[in-house]
Amino acid sequence: MNARRSFANLEEARPFLTKPLNLAIGMFDGVHLGHQAVVRGAIQAARANGGLSAVLTFWPHPSRLFKPDDPVRLLQTPPYRERLLFELGVDAVITQPFTREFASIKAEEMLPFLQKALPTLVGVHVGENWRFGRGRAGDVTFLQAEGKKLGLQIVSTPRVSTEGEAVSSTRIRTLLAQGAITEVNALLGYTYFSEGMVVPGKKLGRTLGFPTLNLAWQPDLAPRYGVYVVRIRTLRQEGSPWLPAVANYGLRPTVEQTTEPRLEVHVIGKCDLGEGDDVQVEWLSFLRPEMSFAHVDELKTQIASDRERASAYFSRPGT
């Protein structure tokens with residue numbers, strides 16, 4: 001396999017993964033620092049044994065199967081997750097459908113199942129807290145014992161910690177809901193981002209003297225409503241310059257109480273972006289929660305203050 005490829009299931013991947021296969025397994029929602037450590041272990045093993053590195057992940061999240069009324073809200077869509085995994089350097093990403101049939105595989109059957117599905121499998125890389133098999137009965141100790149019987153190398157990657165606490169998707173979800181975007185970015189190991197098309201708005205920002213770009217972006221897990229320092233660029237061409245900006249994400253209670261949150265971005269300075277452009281927004285710093293104002297003039301004053309604070313952020317050395 002000469003080019004990186006994605007596969008919709010194990011069966012589809014099998015004909016292409018013909019070299020010794022080093023497989024990282026996990027949900028990898030967020031592809032945060034802990035996930036990156038697991039995946040890089042598989043990549044390094046592939047380089048050492050002249051084989052391939054691949055990620056086996058799943059869709060949907062198991063909670064959608066077992067707790068459909070209260071599923072885990074995810075940090076990313078599968079395409080974003082896949083792109084981040086490829087940016088780490090893996091050769092293949094396999095997104096196995098998480099069905100009741102797959103969930104019923106017993107822990108002791110998991111490695112034989114994977115060996116049959118992927119005959120060139122030589123190593124499995126997981127996080128030290130990974131659980132698997134029916135009822136999540138299997139743990140890493142059990143996996144290592146079973147792997148030894150089958151001649152597979154099982155690598156358990158220690159959890160990555162910051163400030164004495166393990167990096168986890170759950171921790172990041174909590175921080176995102178709090179608006180702690182600086183801390184979120186530190187745990188992700190990259191900057192939290194949104195992508196979407198600029199769509200028509202009601203031009204209310206323009207009437208206030210602060211024109212905005214309205215993004216068609218509906219995340220599964222919503223960040224805290226509020227005002228953020230962001231930067232934005234077009235996706236029309238690779239390497240396009242970032243434009244400093246300030247964004248509001250929320251329901252706009254003062255000018256137009258909406259039922260669906262919106263992401264509105266006001267570019268600080270010249271802006272050539274407009275409706276129909278596909279853009280990427282990186283979230284840099286939280287300024288304040290969304291607020292309701294008694295008068296539009298109060299809102300205008302606050303927006304001007306938000307813009308000044310965002311401008312000051314970009315004026316700092318190194319930004």
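Student: Ground rules before we start?

Tutor: This is a predicted model, with local features needing pLDDT of at least 70, side-chain atom pairs counting only at pLDDT 80 or more, and totals for chains, interfaces and linings using all residues. Residues are numbered from 1 along each chain as its sequence is written, and side-chain values use heavy atoms, with hydrogens and water left out.

Student: OK, aromatics. How many aromatic pairs in the whole structure?

Tutor: The search gives 18 aromatic pairs. Rings of Phe, Tyr and Trp (its six-membered ring) pair if their centres lie within 6.5 Å; planes under 30 degrees apart are stacked, over 60 edge-to-face, the rest tilted.

Student: Take Trp-217 and Trp-283. Why is that pair called tilted?

Tutor: Their ring planes stand at 50 degrees, so the pair is tilted, with centres 5.6 Å apart. Trp-217 is in the loop between strand E10 (213-215) and strand E11 (226-234), and Trp-283 is in strand E14 (residues 278-289), so the pair ties together parts 66 residues apart in sequence. Helices (H or I, at least four residues) and strands (E, at least two) are DSSP runs, numbered from the N terminus.

Student: Trp-217, buried or exposed?

Tutor: Trp-217 is buried, at 7% relative accessibility. Trp-283 is buried too, at 0%. Buried means under 20% relative accessible area, exposed over 50%, partly exposed in between (1.4 Å probe, protein chains only).

Student: And what about Tyr-225 and Tyr-249? How are their rings set?

Tutor: Their planes are at 70 degrees, so this pair is edge-to-face; the centres are 5.7 Å apart. Tyr-225 sits in the loop between E10 and E11, and Tyr-249 in strand E12 (residues 243-250), 24 residues apart. Tyr-225 is partly exposed, with a relative accessible area of 30%. Tyr-249 is buried, at 1%.

Student: Which residues make up the aromatic cluster with Trp-217?

Tutor: Tyr-192, Trp-217, Tyr-225, Tyr-228, Tyr-249, Trp-283 and Phe-286 form one cluster.

Student: Switching topic. What sits over the ring of Phe-16?

Tutor: The charged end of Arg-5, 3.9 Å from the ring centre. The criterion is NZ of Lys or CZ of Arg within 6 Å of the ring centre and within 35 degrees of the ring normal.

Student: Now salt bridges. How many?

Tutor: The whole structure has 10 salt bridges. Each is a side-chain nitrogen of Lys or Arg within 4 Å of a carboxyl oxygen of Asp or Glu.

Student: What does Asp-220 pair with?

Tutor: Asp-220 bridges to Arg-64, with the closest N and O atoms 3.1 Å apart. Asp-220 is in the loop between E10 and E11, Arg-64 in helix H3 (residues 62-66), and 156 residues separate them. Asp-220 is partly exposed at 31% relative accessibility. Arg-64 is also partly exposed, at 31%.

Student: Asp-277 next. Where's its partner?

Tutor: The partner, Arg-236, lies in the loop between E11 and E12, while Asp-277 lies in the loop between strand E13 (262-267) and E14, 41 residues apart. Their N to O distance is 3.1 Å. Asp-277 is buried, at 10%. Arg-236 is exposed, at 57%.

Student: And Asp-306 with Arg-288, buried or exposed?

Tutor: Both are buried. Their salt bridge is 2.8 Å, N to O. Asp-306 is in helix H11 (residues 296-315) and Arg-288 in strand E14, so the pair ties together parts 18 residues apart in sequence.

Student: Which residues form a salt-bridge network?

Tutor: Shared partners join Arg-64, Arg-73 and Asp-220 into one network.

Student: Last topic, open space. What's the volume of the largest pocket?

Tutor: About 1,100 Å³. On a 1 Å grid over the protein atoms alone, a pocket is an open set of points with protein on both sides within 12 Å along at least five of seven lines; a cavity is a set where a 1.4 Å probe fits but cannot get out; lining residues have an atom within 4 Å of a point. Grid points are joined across faces, edges and corners, and a volume is the space filled by probe spheres set on the points.

Student: Which residues are closest to the pocket's centre?

Tutor: Of the 38 lining residues, those are Gly-26, Met-27, Trp-130, Arg-131 and Arg-136. By class, the lining has 18 nonpolar, 13 polar and seven charged residues. Ala, Val, Leu, Ile, Met, Phe, Trp, Tyr, Cys and Pro count as nonpolar, Asp, Glu, Lys and Arg as charged, and the others, Gly among them, as polar.

Student: And what lines the second largest cavity?

Tutor: Met-27, Asp-29, Trp-59, Leu-74, Gln-76, Thr-77, Pro-78 and Arg-81. Its volume is about 30 Å³.
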